[in-house]
Every structure is written in structure tokens, then in C-alpha cells.
Amino acid sequence: MGALSHIRVLDLSRVLAGPWCAQNLADLGADVIKVERPGAGDDTRHWGPPFAKDQDGQETTESAYFICINRNKRSITVDISKPEGQQIIKELAKESDVVIENYKVGDLAKYGLDYESLKKVKSDLIYCSITGFGQDGPYAHRPGYDFIIQGMGGFMSVTGEADDFPGASPQKAGVAIADIFTGMYASTAILAAVIHRDRTGQGQYIDMALLDTQIAVMANVSSAYLCSDKVPRRWGNASPIIVPYQTFPSSDGWIIVGVGNDGQFKHFVTAGGEPQLAENPLYASNPLRVEHRKLLIPLLEEMTRKKTKAQWISLLEAANVPCGPINNFKEVFDNEQVKLRGVQIEVPHPSAGTMKLVASPMRLSETPVEVRLAPPLLGQHTNEILRERLQMDADTIADLQEKGIV
């Protein structure tokens, strides 16, 4: 039994931040019901290719994007624009501990499904809203897109090659970090609210904003500005205060070298057959290497290009110089450490046969994470949920289906 096996979650969210939050809770054992639009479902169901393949190598309709954020959930389709659909959601909320939604500010109030409405049917309900900018302020009614939030929240101003580098420009992350981090913070907030409810009997409302989260996760960068009033700049893969601490080209790829002291610098250049660089008075200490980085880095790049990625990793590990490869995803999943940790898992799926997923990184000794359900087909569990939770009979369900409510 998972740590949250006593918790019921009603997931009204779509795309990424909300579903990521709900999946975290589901991985920990919560019973999560994902509410989707009849006939269409979550937008991410259609974001592809790629789509999962079946046992014959043919593409299914299950997108890789949807798959990564919806395991361990049951899917029900409900038209919340209709009174009968609204009533179904209210009845499900009455039987739930947590509701998660990421509609635009005020949208669910039109259907009587906002926090103020639902807490009337479930007084200790925990209700989490996820939006781009929060429930108040001049931007509250703007839609929130991760890419835009990465720019507005400062991330892109410090990501990308430095201004004096040819072709330099701000860069977004390769994954939607504002969405992912907001989903993680929302999971934590919900767990805190559950503990508070268990102690006091009080539910509460949680207001999560992508912009708030993006600024918060800038961590030392945000703090550096607040402490110094100096606007941080882009440094690409280099460090502003340590040299060499960056990526370097090898003969067949890229490596990361993190030289933290003068001894490691000597070991680095000696391993590369250029020990004289450590003896050069221009590079004798880290402050000097920072000062003269434009002279030093081209010399180091010329050195690193003479060996393969694997040769460099072997040499530098033996010399106790911090280093690592930059792996593509084939190399990621072929890595011996990744295999030993069981990061890739396979689960049965009704259309794909066997589906490959990335395991949850949460490792609990007494209540381990378990993949109980593959990402669901659209509406796969509608009849099951209506029978189980709302005690509807077959005729009532058939009537709702005929009307297009479910």
C-alpha cells in the first residue's frame, strides 16, 4: 500500500503542471481520477509524434507527451458545460480529498466548480489551482505558457552563450521547467495541506503560479541579484567564478570538466599532455585563470579535442578531476547506473501491449512507489468510476452516454 493510498484526488487539470502534480500523488498511492473532455481528452493526447507503438511496431494514438505525466490514474470523460456533468463532478468532489485544476482564473466558477462552490459539498476539501500568474494581480487573467514564463521569470536571461560569443542569444530549457517545478511545488503544498487537515479537520485553497515558481527556483541567481543589485548575465556552460568549469569538445562528443582547485587543474592538463599550462604564471591560481579565461580556454579546447569522450572520462576519473559525459538519451538509458537503478520500466497497456516508462525517482523503504496503472485510454474508466463512486446503474450510465454527458 502506498503512503497516500487513503487519499482520493480529482484531477481536473490538463497539459503538464497539474497532471505532473497529480501523477506524483498517484505514484505515492493516491487514487487519482483524471477528468477529460468527451471525444477529445487532454490536449497532450494529440501532441505528437512520437506516439507509442504496439507489439507489431505500429503507432497507437497514445502520445509520448501524455504518457509521461498520466500513469497511475483512471480516466473519466465528463462534459462540465452541462448541468448533469457539473453534478457528476460535484458528487466526485464530495468523495475526494483533493481537487487539482488549471483552468483560467474564474472559469470554473461559471460551472459551480470553483473552491467556494465545492467546499459547500465537502467542507474539508483541499483545492489546488495552478495558473500562469496566480489568482490576483494585473496578469491574473493572462494564459500561462511555460516558454513565456521562462523568459519573464529570468531563467532565459542567464541561460545561453555569453553575449560576446558568436551567435549568442537567450535560451529556454530543453524541458518545460516552469511547469514541472510548479507541479512539484504543488505536490508538496497539497501534502502539507493534507497533514494540516488530518490534524485540524480544515481544508484549504492552494494558489500556485508558474511565474512565482520560476522566480523561486532561480535560487542563488535571484539571491545574488537581491544581495548585490547587479543583474546576472549569461555564461553559457561556463562558470563566472571558476575556470575551467564548463563543457569541452572531445574528438567524438562533449565532456564536462569541473576543476575546483589548482591541484585539479594540474591533474587535468597533465592528463591531457599539457603540464606546462599549470606552470604558466597566467594560470597559476583560479583568480588568474578567471582573469585570463579568454587565453586559456582555447588552449584547453585544443587539448581536449585530441582524445575521445571515453578516454577523457577514464583519465580524469583516475586523476580525481570532476568530470562527466554529455549523454544522448540512448546513452542515458544504456548507462550501467541507470540500468541498475531501474529507471526504465515496462507496464502492460491495452493498446500498446507493453509500454516503456520512466520510473518515479522517489524511493521509500516502507511504502515504495508502485506503477499500478498504465497511462489510461481516454475515458477508459468512466463506467467503472460512475458505478464505484456514484453507485450509478447501467441504464443511468447509458442515458448519460447517449446525451454526450460522459
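This report describes the protein chain as a whole and then turns to Val221.

The model is predicted, and its protein chain holds 406 residues, of which 43% are buried. The secondary structure comprises 17 helices and 13 strands, and the C-alpha atoms, taken along the principal axes, fill a box of roughly 85 × 55 × 40 Å. Among the contacts in the protein chain with a separation of 6 or more, 69% are accounted for by residues 24 or more positions apart.

The surface and the charged side chains can be described together. The accessible surface of the protein chain amounts to about 20,800 Å², and carbon and sulfur atoms contribute 54% of that area. The side chains include 41 positive and 50 negative ones, and the centres of these two sets lie 2 Å apart.

The table collects values for the whole chain.

| Property of the protein chain | Value |
|---|---|
| Buried residues | 43% of 406 residues |
| Accessible surface | about 20,800 Å² |
| Carbon and sulfur share of the accessible surface | 54% |
| Distance between the centres of positive and negative side chains | 2 Å |

When residues up to four places away in sequence are not counted, Val221 touches Val158 and Pro232.

Technical notes: Residues numbered from 1 in each chain as written. Predicted model: local features only at pLDDT ≥ 70, side-chain atom pairs only at ≥ 80, totals over all residues. Heavy atoms only, no water. Helix = DSSP H or I, 4+ residues; strand = E, 2+ residues; numbered from the N terminus. Buried < 20%, exposed > 50% of the residue type's maximum accessible area, 1.4 Å probe, protein only. Contact = heavy atoms within 4.5 Å. Areas by Shrake-Rupley, 256 points an atom, 1.4 Å probe, with all protein chains shown as cover. Lys, Arg positive; Asp, Glu negative; His and termini not counted. Charge placed at Lys NZ, Arg CZ, Asp CG, Glu CD.
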